[in-house]
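I opened this model to look up its aromatic contacts, its nonpolar cores and one of its helices. My entries follow in the order I made them.

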Amino acid sequence: MRTIRKGAEPSTLTAWKRTNPHGRYNQLTDDIRRIIRQYALEEQFYLCAYCCQQIQDIDACHNEHLEAQHLNPGRTLDFSNIVASCNTPNQCGDAHQSQHLPLTPLMTECETELRFKISGRVEGLSDRASVTIQVLNLGDHEKNNRTLIEKRKQLSNALLWKNGVDPDQGLEQEELLNLLITDLSQPQNDRMEPFTPVVINILRSWLQSISKSVQD
């Protein structure tokens, strides 16, 4: 995951809520839902809020309520509760449904409590992270989501190679790691390449290993 910083809601949503003070999300027109989705996509640099695979356009994703509509009907029109999720079956928003999500991409800890590996797997470093991985089916074990694990491995490795890093060898120069993290954190043409936050997470793990070895 990558921390999402929500901006102001679309003016069309604001206007609709003003004229429908007791309205709910399921009453919105398709046009307004698409506008919400476009806003969310732009905030996320066209990455899925959960798995960070790339989303090409608004027809390849859906409006996802972090706090499920069934759990809190009063927040169905709260733009700060809506992100864009990929449409992958049995994963991300499709897997979430109405389950409680203890760790969300609006929390900065989502970048530190999930640890991604070169193998493509993800590990939860806290109880809430482990629960979130299971709820969203983000690939902690091959038996749960082999397809995502393999896709994440291949595209993350491709991004590392693109930036001159051999995934099998890693990178042991602290200065170069920091420069690469900075470069990858900057969207290009308002978009990020698929799984960029995953690669950044891996690079930060390498940095931590270097710091630990120096201390030892």
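I looked up Tyr 39 and found a relative accessibility of 34%, so Tyr 39 counts as partly exposed. The cut-offs are under 20% for buried and over 50% for exposed. The model is predicted.

I then searched for aromatic pairs, and the count came to one. Tyr 39 belongs to helix α2, while Phe 79 is in the loop between β1 (61-65) and β2; the two are 40 residues apart, and the pair links distant parts of the chain.

Is Phe 79 buried or exposed? Its relative accessibility is 2%, so I put Phe 79 down as buried. The charged end of Lys 6 sits over the Phe 79 ring, 3.8 Å from the centre. I noted a further charge over a ring: Arg 191 lies over the face of Tyr 46, 3.7 Å from the ring centre.

Next, the cores. The largest nonpolar core has 47 residues, and the members touching the most others are Tyr 50, Leu 138, Leu 203 and Trp 206. Elements that give two or more residues to this core include α2 (30-43), β2 (82-86), α5 (142-162) and α7 (196-215). Which element gives the most? I found α7, with eight residues. A second, separate core has nine residues, among them Trp 16, Leu 28, Phe 79 and Ile 82.

I listed the contacts of Tyr 50, leaving out residues up to four places away in sequence; they include Met 1, Glu 64, Val 83, His 96, Pro 105 and Leu 138.

I turned to α4. Ala 129, Thr 132, Ile 133, Val 135 and Leu 136 are buried there. They span an arc of only 165 degrees around the axis, so they lie on the same side of α4. The face turned away from that buried side carries Asp 127 and Gln 134, both exposed. I checked what covers the buried residues of α4, and the list includes α3 (92-96), β3 and β4 (122-124). Just after α4, Asn 137 has a positive phi of about 55 degrees.

Last, I looked up confidence. The protein chain averages a pLDDT of 94, and 98% of the residues score at least 70. Confidence is highest in β2, at a mean of 98, and lowest in α7, at 87.

Notes. Residues are numbered from 1 along each chain as its sequence is written. This is a predicted model: local features need pLDDT of at least 70, side-chain atom pairs count only at pLDDT 80 or more; totals for chains, interfaces and linings use all residues. Side-chain values use heavy atoms; hydrogens and water are left out. A nonpolar core is a set of buried Ala, Val, Leu, Ile, Met, Phe, Trp, Tyr and Cys residues joined through side-chain atoms within 4.5 Å. Buried means under 20% relative accessible area, exposed over 50%, partly exposed in between (1.4 Å probe, protein chains only). Helices (H or I, at least four residues) and strands (E, at least two) are DSSP runs, numbered from the N terminus. Contact means heavy atoms within 4.5 Å. Rings of Phe, Tyr and Trp (its six-membered ring) pair if their centres lie within 6.5 Å; planes under 30 degrees apart count as stacked, over 60 as edge-to-face and the rest as tilted. A charge sits over a ring if NZ of Lys or CZ of Arg is within 6 Å of the ring centre and within 35 degrees of the ring normal. pLDDT is the predictor's confidence in each residue, from 0 to 100. The arc is that of the directions from the helix axis to the C-beta atoms.
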